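Where do charged side chains pair, and how are the strands arranged? This short report takes up both topics.

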Amino acid sequence: MDLSYCSSVTQLLARDMDNDPLVFGVSGEEASRFFAVEPDTGVVWLRQPLDRETKSEFTVEFSVSDHQGVITRKVNIQVGDVNDNAPTFHNQPYSVRIPENTPVGTPIFIVNATDPDLGAGGSVLYSFQPPSPFFAIDSARGIVTVVRELDYETTQAYQLTVNATDQDKTRPLSTLANLAIIITDVQDMDPVFINLPYSTNIYEHSPPWSMDSRSSGF
């Protein structure tokens, strides 16, 4: 219920057959913290804002009295939901280490965000902001997958921003989280000779481990 402090909630109505003046009221400590009643008119006001995620229902006892007696009635008040909560990521910070030869299509991480609002306002979808050419995220489940071959010698780490957005049609709310993906090296590069071709002259009777200073390529 999106009602601010001092908002009018409803009006109590009563009739006295003797046409005596009536006085309205509210009973109970909790009810009196949240609701006030104008004694003469029966208009019910909010003393403080309501939060459905904290308390979604009140049982309030209202009263009306004349000079002869008091009548009370209990009223059940349901607090309606509005989309006033953005999604919340859990178990941060997000970081994962994967080898550079991780196959395309491999799931490597799962992000998780929840939203306490009801309906579409509590349904969360994920995306990368901006999109990544190397990784994809399942919009409904938050599963991060490799979509392109990785190379440690080219890039050793990726810093991605995950966006979690609720699906409220009027005022969708979103939250961002960082995901660090560290690429580890694997032995995928063979040694390579440089300055080929090599040539040298070796004379007979040369001592072991000697090298001709006129050799080329070294």
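This is a predicted model: local features need pLDDT of at least 70, side-chain atom pairs count only at pLDDT 80 or more; totals for chains, interfaces and linings use all residues.

## Salt bridges overall

Side chains of opposite charge can pair when their charged atoms come close. A search of the whole structure finds four salt bridges.

## E30 and K55

E30 and K55 form a salt bridge through their side chains, with an N to O distance of 3.6 Å. The pair links distant parts of the chain, 25 residues apart. E30 sits in helix α1, residues 29-34. K55 lies in the loop between β4 (43-46) and β5 (57-65).

Both partners have computed accessibilities. E30 is partly exposed, at 35% relative accessibility. K55 is partly exposed too, with a relative accessible area of 30%.

R52 and E53 meet in a salt bridge, and their closest N and O atoms are 2.9 Å apart.

Is R52 buried or exposed? R52 counts as buried because its relative accessibility is 15%, and the limit for buried is under 20%. E53 is partly exposed, with a relative accessible area of 25%.

## D138 and R141

Another salt bridge joins R141 to D138. Here the closest N and O atoms are 3.3 Å apart.

R141 has a relative accessible area of 55%, so this residue counts as exposed, the cut-off being over 50%. D138, at 25% relative accessibility, is partly exposed.

## The three-stranded sheet

Three strands make an open sheet in the order β1-β4-β3. Their pairing is antiparallel. Which strands stand at the edges? They are β1 (8-11) and β3 (35-37). Each has a single partner strand, so one side of each lacks a neighbour in the sheet. Neighbouring strands of the sheet are turned against each other by 25° on average, direction ignored.

The contact between β1 and β4 can be given in detail. These two strands pair in the antiparallel sense over three bridges. T10 stands opposite V44 in β4.

## Recap

R141, in its salt bridge with D138, is exposed at 55%. The sheet runs β1-β4-β3 with antiparallel pairing.

Technical notes. Residues are numbered from 1 along each chain as its sequence is written. Side-chain values use heavy atoms; hydrogens and water are left out. Helices (H or I, at least four residues) and strands (E, at least two) are DSSP runs, numbered from the N terminus. Buried means under 20% relative accessible area, exposed over 50%, partly exposed in between (1.4 Å probe, protein chains only). Two strands pair if DSSP finds at least two bridges between them. Axes are lines fitted to C-alpha atoms, for helices over the stretch in contact, and angles run from 0 to 180 degrees between N-to-C directions.
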